[in-house]
Amino acid sequence: MVGFAKMGWRSSDNNKSSKTGDDINKMGILSFETAKIMSRLLCLYKSLSESEISNLKTEMKSGGVSYLNSKDEGFLLSLACAERLEDLDNAAAAVARIGHKCSDFGLNRFDLVYTDLKLGIIDFGKLEYGSKDIEKRVFKMEKLINATSGLYTALENLAELEVSERKLKQWKERKASGQLQKVNLDMFNQKIEQQRKQVRQFRENSLWNQTFDKSVGHMARIVCIIYARICLVFGPYIPILPSLSLRNMRSSQQKEILKVQPENCLIEPIREQIISRSGPIPTTSKPTLVRFYSRKSIFFLCEDEGFGADKLAKNNRVFHAAGPLTVGGAGLALRYANVITLVEKYSNPSESVDLNSRENLYQMLPGNLKKTVRSKLSKNLKCMDEDESLAEGWRDALKQIMEWLAPMAHNTINWQLERNLEKTKFDIKPSVLLLQTLHYSDKEKTEAAIADILVGLSCICKCENRQWSES
(Lines give C-alpha, C1' and ligand atoms only; values in the text may rest on other atoms or scores of the structure.)
Protein backbone atom coordinates (compact mmCIF):
# COMPACT_ATOMS: atom_id res chain seq x y z
CA MET A 1 0.00 0.00 0.00
CA VAL A 2 1.15 3.50 -0.79
CA GLY A 3 0.52 5.78 2.21
CA PHE A 4 0.81 9.46 2.93
CA ALA A 5 4.09 8.93 4.76
CA LYS A 6 5.63 7.65 1.53
CA MET A 7 4.55 10.87 -0.22
CA GLY A 8 6.49 12.91 2.29
CA TRP A 9 3.51 14.79 3.69
CA ARG A 10 4.19 13.99 7.33
CA SER A 11 7.75 15.20 7.07
CA SER A 12 6.80 18.37 5.21
CA ASP A 13 4.05 19.15 7.71
CA ASN A 14 6.47 18.87 10.60
CA ASN A 15 9.08 21.09 8.88
CA LYS A 16 11.63 18.28 8.76
CA SER A 17 12.72 18.97 5.21
CA SER A 18 16.32 19.88 4.56
CA LYS A 19 17.65 23.42 4.80
CA THR A 20 18.32 23.38 1.10
CA GLY A 21 14.66 22.72 0.38
CA ASP A 22 13.44 25.38 2.82
CA ASP A 23 15.92 28.09 1.87
CA ILE A 24 16.16 27.66 -1.89
CA ASN A 25 13.14 25.71 -3.16
CA LYS A 26 10.60 28.54 -2.70
CA MET A 27 7.66 28.96 -5.06
CA GLY A 28 8.27 32.57 -6.06
CA ILE A 29 6.46 33.59 -9.23
CA LEU A 30 4.81 30.16 -9.51
CA SER A 31 2.81 31.01 -6.38
CA PHE A 32 0.07 32.60 -8.51
CA GLU A 33 -0.44 29.50 -10.63
CA THR A 34 -0.36 27.39 -7.48
CA ALA A 35 -2.98 29.62 -5.82
CA LYS A 36 -5.28 29.09 -8.81
CA ILE A 37 -4.84 25.32 -8.54
CA MET A 38 -5.51 25.45 -4.79
CA SER A 39 -8.62 27.51 -5.45
CA ARG A 40 -9.91 24.93 -7.93
CA LEU A 41 -9.30 22.15 -5.40
CA LEU A 42 -11.09 24.01 -2.61
CA CYS A 43 -13.99 24.71 -4.98
CA LEU A 44 -14.25 20.97 -5.55
CA TYR A 45 -13.87 20.22 -1.85
CA LYS A 46 -16.65 22.60 -0.84
CA SER A 47 -18.94 21.41 -3.65
CA LEU A 48 -18.99 17.95 -2.05
CA SER A 49 -20.30 19.01 1.36
CA GLU A 50 -23.61 17.57 2.54
CA SER A 51 -25.38 20.92 2.10
CA GLU A 52 -24.08 21.37 -1.47
CA ILE A 53 -25.05 17.83 -2.47
CA SER A 54 -28.49 18.39 -0.97
CA ASN A 55 -28.84 21.64 -2.93
CA LEU A 56 -27.74 19.86 -6.09
CA LYS A 57 -30.39 17.16 -5.70
CA THR A 58 -33.01 19.85 -5.09
CA GLU A 59 -31.96 21.72 -8.22
CA MET A 60 -32.18 18.53 -10.25
CA LYS A 61 -35.91 18.60 -9.54
CA SER A 62 -36.28 22.26 -10.55
CA GLY A 63 -38.46 23.13 -13.52
CA GLY A 64 -35.64 24.03 -15.89
CA VAL A 65 -33.40 21.02 -15.26
CA SER A 66 -36.20 18.44 -15.14
CA TYR A 67 -38.02 19.78 -18.21
CA LEU A 68 -35.11 20.71 -20.49
CA ASN A 69 -32.41 18.27 -19.38
CA SER A 70 -33.73 15.13 -17.70
CA LYS A 71 -35.93 13.81 -14.92
CA ASP A 72 -33.66 10.79 -14.45
CA GLU A 73 -31.82 11.41 -11.17
CA GLY A 74 -29.31 8.66 -11.88
CA PHE A 75 -28.39 10.16 -15.25
CA LEU A 76 -28.06 13.67 -13.81
CA LEU A 77 -25.91 12.40 -10.94
CA SER A 78 -23.69 10.58 -13.42
CA LEU A 79 -23.19 13.88 -15.25
CA ALA A 80 -22.36 15.64 -11.98
CA CYS A 81 -19.95 12.89 -10.98
CA ALA A 82 -18.25 12.84 -14.38
CA GLU A 83 -17.75 16.61 -14.38
CA ARG A 84 -16.39 16.69 -10.83
CA LEU A 85 -14.01 13.84 -11.63
CA GLU A 86 -12.85 15.55 -14.80
CA ASP A 87 -12.24 18.76 -12.85
CA LEU A 88 -10.27 16.74 -10.33
CA ASP A 89 -8.28 15.04 -13.11
CA ASN A 90 -7.32 18.44 -14.52
CA ALA A 91 -6.41 19.82 -11.09
CA ALA A 92 -4.38 16.69 -10.27
CA ALA A 93 -2.51 17.05 -13.56
CA ALA A 94 -1.64 20.64 -12.61
CA VAL A 95 -0.51 19.50 -9.14
CA ALA A 96 1.66 16.81 -10.76
CA ARG A 97 3.23 19.43 -13.06
CA ILE A 98 4.15 21.67 -10.10
CA GLY A 99 5.21 18.56 -8.18
CA HIS A 100 8.12 17.95 -10.57
CA LYS A 101 9.94 20.71 -8.67
CA CYS A 102 9.59 18.88 -5.33
CA SER A 103 12.44 16.98 -3.72
CA ASP A 104 10.18 14.33 -2.18
CA PHE A 105 9.74 11.42 -4.61
CA GLY A 106 6.02 10.90 -3.87
CA LEU A 107 5.31 14.55 -4.65
CA ASN A 108 7.76 14.71 -7.54
CA ARG A 109 5.90 11.83 -9.22
CA PHE A 110 2.40 12.63 -8.06
CA ASP A 111 1.14 11.46 -11.44
CA LEU A 112 2.01 7.91 -10.37
CA VAL A 113 0.45 8.41 -6.95
CA TYR A 114 -2.78 9.69 -8.51
CA THR A 115 -2.90 6.72 -10.88
CA ASP A 116 -2.47 4.37 -7.90
CA LEU A 117 -5.24 6.25 -6.13
CA LYS A 118 -7.68 5.67 -8.99
CA LEU A 119 -6.62 2.04 -9.25
CA GLY A 120 -7.64 1.60 -5.62
CA ILE A 121 -4.23 0.89 -4.09
CA ILE A 122 -3.85 3.99 -1.87
CA ASP A 123 -4.32 3.64 1.87
CA PHE A 124 -6.26 6.65 3.15
CA GLY A 125 -5.51 5.90 6.77
CA LYS A 126 -7.48 8.15 9.14
CA LEU A 127 -7.97 10.98 6.68
CA GLU A 128 -11.66 11.71 6.18
CA TYR A 129 -13.61 14.46 4.47
CA GLY A 130 -14.64 17.08 7.00
CA SER A 131 -12.33 15.80 9.75
CA LYS A 132 -10.59 18.30 12.03
CA ASP A 133 -7.26 17.60 10.39
CA ILE A 134 -8.60 18.26 6.89
CA GLU A 135 -10.66 21.32 7.88
CA LYS A 136 -7.56 22.77 9.55
CA ARG A 137 -5.60 22.17 6.36
CA VAL A 138 -8.36 23.74 4.23
CA PHE A 139 -8.36 26.82 6.47
CA LYS A 140 -4.58 27.09 6.10
CA MET A 141 -4.89 26.83 2.31
CA GLU A 142 -7.58 29.52 2.27
CA LYS A 143 -5.26 31.87 4.19
CA LEU A 144 -2.45 31.20 1.72
CA ILE A 145 -4.78 31.80 -1.24
CA ASN A 146 -6.06 35.07 0.24
CA ALA A 147 -2.52 36.28 0.94
CA THR A 148 -1.40 35.32 -2.59
CA SER A 149 -4.42 37.10 -4.04
CA GLY A 150 -3.49 40.16 -1.98
CA LEU A 151 0.08 39.92 -3.26
CA TYR A 152 -1.16 39.78 -6.87
CA THR A 153 -3.23 42.96 -6.37
CA ALA A 154 -0.41 44.69 -4.48
CA LEU A 155 2.07 43.91 -7.28
CA GLU A 156 -0.35 45.28 -9.88
CA ASN A 157 -0.72 48.51 -7.89
CA LEU A 158 3.03 48.71 -7.39
CA ALA A 159 3.62 48.29 -11.14
CA GLU A 160 1.26 51.20 -11.85
CA LEU A 161 3.00 53.38 -9.25
CA GLU A 162 6.43 52.54 -10.67
CA VAL A 163 5.26 53.57 -14.16
CA SER A 164 4.05 56.87 -12.69
CA GLU A 165 7.35 57.23 -10.83
CA ARG A 166 9.33 56.93 -14.06
CA LYS A 167 7.09 59.50 -15.76
CA LEU A 168 7.48 61.91 -12.84
CA LYS A 169 11.26 61.60 -12.94
CA GLN A 170 11.26 62.33 -16.67
CA TRP A 171 8.99 65.31 -16.12
CA LYS A 172 11.18 66.57 -13.27
CA GLU A 173 14.27 66.50 -15.47
CA ARG A 174 12.52 68.74 -18.04
CA LYS A 175 10.97 71.21 -15.56
CA ALA A 176 12.50 73.37 -12.90
CA SER A 177 11.59 71.94 -9.51
CA GLY A 178 9.88 74.33 -7.07
CA GLN A 179 8.89 73.85 -3.43
CA LEU A 180 5.38 72.62 -4.36
CA GLN A 181 6.81 70.07 -6.77
CA LYS A 182 9.19 68.84 -4.09
CA VAL A 183 6.33 68.31 -1.63
CA ASN A 184 4.28 66.39 -4.22
CA LEU A 185 7.24 64.18 -5.11
CA ASP A 186 7.93 63.47 -1.44
CA MET A 187 4.31 62.40 -0.94
CA PHE A 188 4.49 60.15 -3.99
CA ASN A 189 7.77 58.58 -2.83
CA GLN A 190 6.20 57.89 0.55
CA LYS A 191 3.20 56.24 -1.13
CA ILE A 192 5.32 54.00 -3.33
CA GLU A 193 7.48 52.98 -0.36
CA GLN A 194 4.37 52.00 1.59
CA GLN A 195 3.23 49.93 -1.39
CA ARG A 196 6.60 48.13 -1.56
CA LYS A 197 6.33 47.39 2.15
CA GLN A 198 2.87 45.91 1.61
CA VAL A 199 4.24 43.70 -1.19
CA ARG A 200 6.99 42.43 1.14
CA GLN A 201 4.42 41.60 3.83
CA PHE A 202 2.21 39.69 1.39
CA ARG A 203 5.22 37.80 0.03
CA GLU A 204 6.15 36.71 3.54
CA ASN A 205 2.68 35.33 4.32
CA SER A 206 1.69 33.98 0.90
CA LEU A 207 2.60 30.99 -1.25
CA TRP A 208 5.48 33.05 -2.64
CA ASN A 209 7.49 32.21 0.49
CA GLN A 210 6.37 28.56 0.74
CA THR A 211 8.46 25.61 -0.42
CA PHE A 212 7.30 23.44 -3.31
CA ASP A 213 7.17 20.37 -1.08
CA LYS A 214 4.92 22.00 1.49
CA SER A 215 2.55 23.61 -1.02
CA VAL A 216 2.24 20.54 -3.24
CA GLY A 217 1.86 18.42 -0.11
CA HIS A 218 -1.24 20.41 0.87
CA MET A 219 -2.75 20.03 -2.58
CA ALA A 220 -1.87 16.36 -3.04
CA ARG A 221 -3.58 15.38 0.17
CA ILE A 222 -6.71 17.34 -0.72
CA VAL A 223 -6.78 15.65 -4.16
CA CYS A 224 -6.96 12.25 -2.46
CA ILE A 225 -9.64 13.39 -0.02
CA ILE A 226 -11.75 14.81 -2.85
CA TYR A 227 -11.49 11.58 -4.84
CA ALA A 228 -12.52 9.53 -1.83
CA ARG A 229 -15.43 11.89 -1.19
CA ILE A 230 -16.62 11.66 -4.82
CA CYS A 231 -16.64 7.87 -4.58
CA LEU A 232 -18.53 8.02 -1.28
CA VAL A 233 -21.13 10.59 -2.43
CA PHE A 234 -21.83 9.20 -5.90
CA GLY A 235 -21.04 5.53 -5.26
CA PRO A 236 -24.62 4.59 -4.22
CA TYR A 237 -25.92 5.96 -7.54
CA ILE A 238 -23.03 4.88 -9.78
CA PRO A 239 -22.07 1.30 -8.79
CA ILE A 240 -19.04 1.17 -11.08
CA LEU A 241 -17.19 3.71 -8.93
CA PRO A 242 -14.56 2.15 -6.65
CA SER A 243 -15.82 1.15 -3.22
CA LEU A 244 -14.04 2.73 -0.26
CA SER A 245 -15.48 0.42 2.34
CA LEU A 246 -12.19 -1.45 2.82
CA ARG A 247 -9.81 1.47 2.56
CA ASN A 248 -9.77 2.52 6.19
CA MET A 249 -9.15 -1.00 7.50
CA ARG A 250 -5.83 -2.43 8.50
CA SER A 251 -4.09 -4.70 6.02
CA SER A 252 -4.81 -7.80 8.11
CA GLN A 253 -8.53 -6.95 8.26
CA GLN A 254 -8.63 -6.42 4.51
CA LYS A 255 -7.06 -9.84 3.88
CA GLU A 256 -9.69 -11.54 6.06
CA ILE A 257 -12.51 -9.84 4.16
CA LEU A 258 -10.91 -10.69 0.82
CA LYS A 259 -10.94 -14.35 1.77
CA VAL A 260 -14.66 -14.20 2.48
CA GLN A 261 -15.82 -11.75 -0.20
CA PRO A 262 -13.36 -11.82 -3.09
CA GLU A 263 -16.00 -10.89 -5.67
CA ASN A 264 -17.16 -7.77 -3.83
CA CYS A 265 -13.75 -6.19 -3.31
CA LEU A 266 -12.88 -3.26 -5.54
CA ILE A 267 -9.38 -2.65 -4.21
CA GLU A 268 -7.32 -3.54 -7.24
CA PRO A 269 -4.04 -5.45 -7.19
CA ILE A 270 -1.59 -3.89 -9.66
CA ARG A 271 -1.23 -7.09 -11.63
CA GLU A 272 -4.95 -7.19 -12.49
CA GLN A 273 -5.74 -6.21 -16.05
CA ILE A 274 -8.18 -3.31 -16.22
CA ILE A 275 -10.83 -3.42 -18.92
CA SER A 276 -12.59 -0.31 -20.14
CA ARG A 277 -16.26 0.28 -20.76
CA SER A 278 -18.10 3.40 -21.79
CA GLY A 279 -19.83 5.19 -18.92
CA PRO A 280 -23.38 6.43 -18.42
CA ILE A 281 -23.11 9.64 -20.43
CA PRO A 282 -24.34 9.35 -24.03
CA THR A 283 -21.50 9.41 -26.54
CA THR A 284 -21.44 10.98 -29.96
CA SER A 285 -18.29 9.91 -31.74
CA LYS A 286 -15.85 7.88 -29.66
CA PRO A 287 -17.10 4.78 -27.88
CA THR A 288 -14.60 5.50 -25.07
CA LEU A 289 -15.89 9.04 -24.52
CA VAL A 290 -16.52 8.91 -20.78
CA ARG A 291 -15.26 6.18 -18.50
CA PHE A 292 -14.90 5.52 -14.80
CA TYR A 293 -12.10 3.90 -12.85
CA SER A 294 -13.05 0.60 -11.30
CA ARG A 295 -12.30 -3.07 -11.82
CA LYS A 296 -14.25 -3.04 -15.06
CA SER A 297 -13.76 0.49 -16.33
CA ILE A 298 -11.46 3.48 -16.51
CA PHE A 299 -12.54 7.08 -16.15
CA PHE A 300 -11.26 9.46 -18.82
CA LEU A 301 -8.06 7.59 -19.63
CA CYS A 302 -8.08 5.63 -22.87
CA GLU A 303 -5.59 2.86 -23.54
CA ASP A 304 -3.41 5.14 -25.70
CA GLU A 305 -3.48 8.11 -23.33
CA GLY A 306 -1.11 8.94 -20.52
CA PHE A 307 -1.54 11.18 -17.51
CA GLY A 308 -0.60 14.79 -18.01
CA ALA A 309 -1.78 18.34 -18.37
CA ASP A 310 -1.63 18.32 -22.18
CA LYS A 311 -3.72 15.18 -22.48
CA LEU A 312 -6.30 16.31 -19.96
CA ALA A 313 -6.52 19.83 -21.37
CA LYS A 314 -7.41 18.46 -24.80
CA ASN A 315 -10.06 16.09 -23.51
CA ASN A 316 -12.87 18.19 -22.08
CA ARG A 317 -15.06 15.16 -22.56
CA VAL A 318 -17.99 15.93 -20.31
CA PHE A 319 -18.53 19.15 -22.25
CA HIS A 320 -18.32 17.36 -25.61
CA ALA A 321 -20.61 14.54 -24.47
CA ALA A 322 -23.69 16.64 -25.33
CA GLY A 323 -25.42 15.09 -28.34
CA PRO A 324 -26.41 16.87 -31.55
CA LEU A 325 -30.02 17.26 -30.38
CA THR A 326 -28.94 19.29 -27.33
CA VAL A 327 -28.35 23.04 -27.16
CA GLY A 328 -24.70 22.51 -26.21
CA GLY A 329 -24.17 19.93 -28.92
CA ALA A 330 -25.39 22.50 -31.46
CA GLY A 331 -23.02 25.12 -30.02
CA LEU A 332 -25.87 27.45 -29.05
CA ALA A 333 -25.83 27.36 -25.25
CA LEU A 334 -24.14 30.71 -24.60
CA ARG A 335 -26.01 32.45 -27.43
CA TYR A 336 -29.40 31.27 -26.15
CA ALA A 337 -28.41 32.20 -22.60
CA ASN A 338 -27.67 35.75 -23.73
CA VAL A 339 -31.01 35.94 -25.57
CA ILE A 340 -32.87 34.81 -22.45
CA THR A 341 -31.10 37.29 -20.16
CA LEU A 342 -31.88 40.12 -22.60
CA VAL A 343 -35.55 39.15 -22.63
CA GLU A 344 -35.44 39.14 -18.83
CA LYS A 345 -33.97 42.65 -18.91
CA TYR A 346 -36.43 44.01 -21.50
CA SER A 347 -39.46 42.52 -19.74
CA ASN A 348 -38.99 45.12 -17.00
CA PRO A 349 -41.60 47.87 -17.68
CA SER A 350 -39.06 50.58 -16.83
CA GLU A 351 -36.64 49.30 -19.48
CA SER A 352 -36.87 51.04 -22.84
CA VAL A 353 -36.61 48.82 -25.92
CA ASP A 354 -35.58 50.83 -28.96
CA LEU A 355 -35.45 49.55 -32.52
CA ASN A 356 -31.71 48.84 -32.40
CA SER A 357 -32.00 46.79 -29.21
CA ARG A 358 -34.85 44.81 -30.67
CA GLU A 359 -32.98 44.24 -33.95
CA ASN A 360 -29.80 43.13 -32.15
CA LEU A 361 -31.79 40.63 -30.10
CA TYR A 362 -33.55 39.33 -33.19
CA GLN A 363 -30.25 38.89 -35.09
CA MET A 364 -28.91 36.69 -32.28
CA LEU A 365 -31.41 33.99 -33.29
CA PRO A 366 -30.54 31.24 -35.80
CA GLY A 367 -32.61 31.09 -39.00
CA ASN A 368 -35.04 28.36 -37.91
CA LEU A 369 -35.87 30.19 -34.68
CA LYS A 370 -36.38 33.49 -36.51
CA LYS A 371 -38.92 31.77 -38.73
CA THR A 372 -40.75 30.30 -35.73
CA VAL A 373 -40.87 33.65 -33.93
CA ARG A 374 -42.17 35.46 -37.02
CA SER A 375 -44.94 32.91 -37.51
CA LYS A 376 -46.06 32.95 -33.86
CA LEU A 377 -45.78 36.71 -33.57
CA SER A 378 -47.88 37.34 -36.66
CA LYS A 379 -50.73 35.18 -35.33
CA ASN A 380 -50.64 36.60 -31.80
CA LEU A 381 -50.49 40.27 -32.81
CA LYS A 382 -53.58 39.76 -34.98
CA CYS A 383 -55.39 38.12 -32.06
CA MET A 384 -54.38 40.99 -29.78
CA ASP A 385 -56.00 43.49 -32.14
CA GLU A 386 -59.27 41.66 -31.52
CA ASP A 387 -58.77 40.91 -27.81
CA GLU A 388 -56.42 43.16 -25.79
CA SER A 389 -56.82 40.94 -22.69
CA LEU A 390 -54.41 38.49 -24.33
CA ALA A 391 -51.53 40.76 -23.33
CA GLU A 392 -52.25 40.09 -19.65
CA GLY A 393 -52.19 36.37 -20.35
CA TRP A 394 -48.83 36.71 -22.08
CA ARG A 395 -47.49 38.69 -19.11
CA ASP A 396 -48.36 35.82 -16.77
CA ALA A 397 -47.01 33.22 -19.20
CA LEU A 398 -43.74 35.12 -19.63
CA LYS A 399 -43.29 35.36 -15.86
CA GLN A 400 -43.91 31.63 -15.38
CA ILE A 401 -41.51 30.58 -18.14
CA MET A 402 -38.77 32.94 -16.98
CA GLU A 403 -38.96 31.55 -13.43
CA TRP A 404 -37.39 28.28 -14.59
CA LEU A 405 -35.66 29.37 -17.81
CA ALA A 406 -33.74 32.42 -16.52
CA PRO A 407 -31.76 30.50 -13.83
CA MET A 408 -30.58 28.06 -16.50
CA ALA A 409 -29.41 30.98 -18.66
CA HIS A 410 -27.57 32.66 -15.76
CA ASN A 411 -25.90 29.36 -14.85
CA THR A 412 -24.77 28.93 -18.46
CA ILE A 413 -23.11 32.35 -18.47
CA ASN A 414 -21.56 31.76 -15.03
CA TRP A 415 -20.19 28.38 -16.14
CA GLN A 416 -18.41 30.07 -19.03
CA LEU A 417 -17.08 32.90 -16.84
CA GLU A 418 -15.76 30.48 -14.22
CA ARG A 419 -13.71 28.69 -16.85
CA ASN A 420 -12.35 31.76 -18.60
CA LEU A 421 -8.64 30.93 -18.78
CA GLU A 422 -7.71 34.56 -19.39
CA LYS A 423 -8.75 35.56 -15.88
CA THR A 424 -6.55 35.20 -12.84
CA LYS A 425 -9.03 34.31 -10.13
CA PHE A 426 -8.74 32.86 -6.68
CA ASP A 427 -12.42 32.13 -5.90
CA ILE A 428 -13.11 29.16 -3.65
CA LYS A 429 -16.91 29.02 -3.86
CA PRO A 430 -18.44 25.89 -5.48
CA SER A 431 -18.71 26.18 -9.25
CA VAL A 432 -21.73 25.64 -11.49
CA LEU A 433 -22.20 22.21 -13.08
CA LEU A 434 -23.08 21.68 -16.73
CA LEU A 435 -26.30 19.89 -15.78
CA GLN A 436 -27.47 23.19 -14.25
CA THR A 437 -26.98 24.98 -17.57
CA LEU A 438 -28.53 24.90 -21.04
CA HIS A 439 -25.67 22.74 -22.31
CA TYR A 440 -27.52 19.40 -22.08
CA SER A 441 -30.95 20.93 -22.70
CA ASP A 442 -33.22 19.50 -25.37
CA LYS A 443 -32.80 21.86 -28.35
CA GLU A 444 -36.40 21.64 -29.55
CA LYS A 445 -37.89 22.36 -26.12
CA THR A 446 -35.46 25.20 -25.46
CA GLU A 447 -36.17 26.87 -28.78
CA ALA A 448 -39.91 26.57 -28.21
CA ALA A 449 -39.53 28.27 -24.83
CA ILE A 450 -37.37 31.04 -26.31
CA ALA A 451 -39.91 31.61 -29.09
CA ASP A 452 -42.67 31.89 -26.48
CA ILE A 453 -40.84 34.47 -24.36
CA LEU A 454 -39.96 36.55 -27.42
CA VAL A 455 -43.56 36.52 -28.61
CA GLY A 456 -44.74 37.30 -25.09
CA LEU A 457 -42.32 40.21 -24.81
CA SER A 458 -43.49 41.58 -28.17
CA CYS A 459 -47.15 41.43 -27.13
CA ILE A 460 -46.44 43.09 -23.78
CA CYS A 461 -44.40 45.87 -25.42
CA LYS A 462 -47.19 46.55 -27.88
CA CYS A 463 -49.75 46.67 -25.07
CA GLU A 464 -47.56 49.09 -23.10
CA ASN A 465 -46.91 51.19 -26.23
CA ARG A 466 -43.22 50.38 -26.09
CA GLN A 467 -41.48 50.18 -29.48
CA TRP A 468 -41.37 46.58 -30.70
CA SER A 469 -42.47 46.24 -34.29
CA GLU A 470 -42.43 43.09 -36.37
CA SER A 471 -39.63 42.51 -38.88
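The buried residues of helix α8 are Phe110, Asp111, Val113, Tyr114, Asp116, Leu117, Lys118 and Leu119. Here buried means under 20% relative accessible area, exposed means over 50%, and partly exposed lies in between (1.4 Å probe, protein chains only). Helices (H or I, at least four residues) and strands (E, at least two) are DSSP runs, numbered from the N terminus. Eight of the ten residues of α8 are buried, so α8 is largely enclosed by the rest of the structure. Gly120 follows α8 and has a positive phi, near 85 degrees.

The model is predicted: local features need pLDDT of at least 70, side-chain atom pairs count only at pLDDT 80 or more, and totals for chains, interfaces and linings use all residues. Residues are numbered from 1 along each chain as its sequence is written, and side-chain values use heavy atoms, with hydrogens and water left out.

**Packing of α8 on α6**

The axes of α6 (residues 73-99) and α8 (residues 110-119) come within 8 Å and cross at roughly 150 degrees. Axes are lines fitted to C-alpha atoms, for helices over the stretch in contact, and angles run from 0 to 180 degrees between N-to-C directions. The two helices, α6 and α8, are therefore roughly antiparallel to each other, a term for angles over 145 degrees. On the α6 side, Leu88, Asp89, Ala92, Val95 and Ala96 meet Phe110, Asp111, Tyr114 and Lys118 of α8; contact means heavy atoms within 4.5 Å. The residues of this contact divide into six nonpolar, no polar and three charged. Ala, Val, Leu, Ile, Met, Phe, Trp, Tyr, Cys and Pro count as nonpolar, Asp, Glu, Lys and Arg as charged, and the others, Gly among them, as polar.

**Nonpolar cores**

A nonpolar core is a set of buried Ala, Val, Leu, Ile, Met, Phe, Trp, Tyr and Cys residues joined through side-chain atoms within 4.5 Å. The largest has 98 residues, and those with the most contacts inside it are Leu41, Leu88, Phe110, Ile226 and Phe234. Leaving aside neighbours within four places in sequence, Leu41 is in contact with Leu88, Ala91, Val95, Met219, Ile222, Val223 and Ile226. A second, separate core of eight residues includes Ala154, Leu161, Phe188 and Ile192.

Ser39 lies in helix α3 (residues 31-47) and, at 3% relative accessibility, counts as buried. Not counting residues up to four places away in sequence, Ser39 touches Ile145, Lys425, Phe426, Asp427 and Ile428. Pro236 sits in the loop between α11 (212-234) and α12 (251-260) and is exposed, with a relative accessible area of 65%.

| Pair | Apart in sequence | C-alpha to C-alpha |
|---|---|---|
| Ser39 and Lys425 | 386 residues | 8.3 Å |
| Pro236 and Gly74 | 162 residues | 9.9 Å |

**The whole chain**

The secondary structure comes to 19 helices and zero strands. Of the 471 residues, 46% count as buried. Among contacts between residues at least 6 apart in sequence, 79% join residues at least 24 apart.

Conventions. Parallel < 35°, antiparallel > 145°, perpendicular 65-115°, else oblique.
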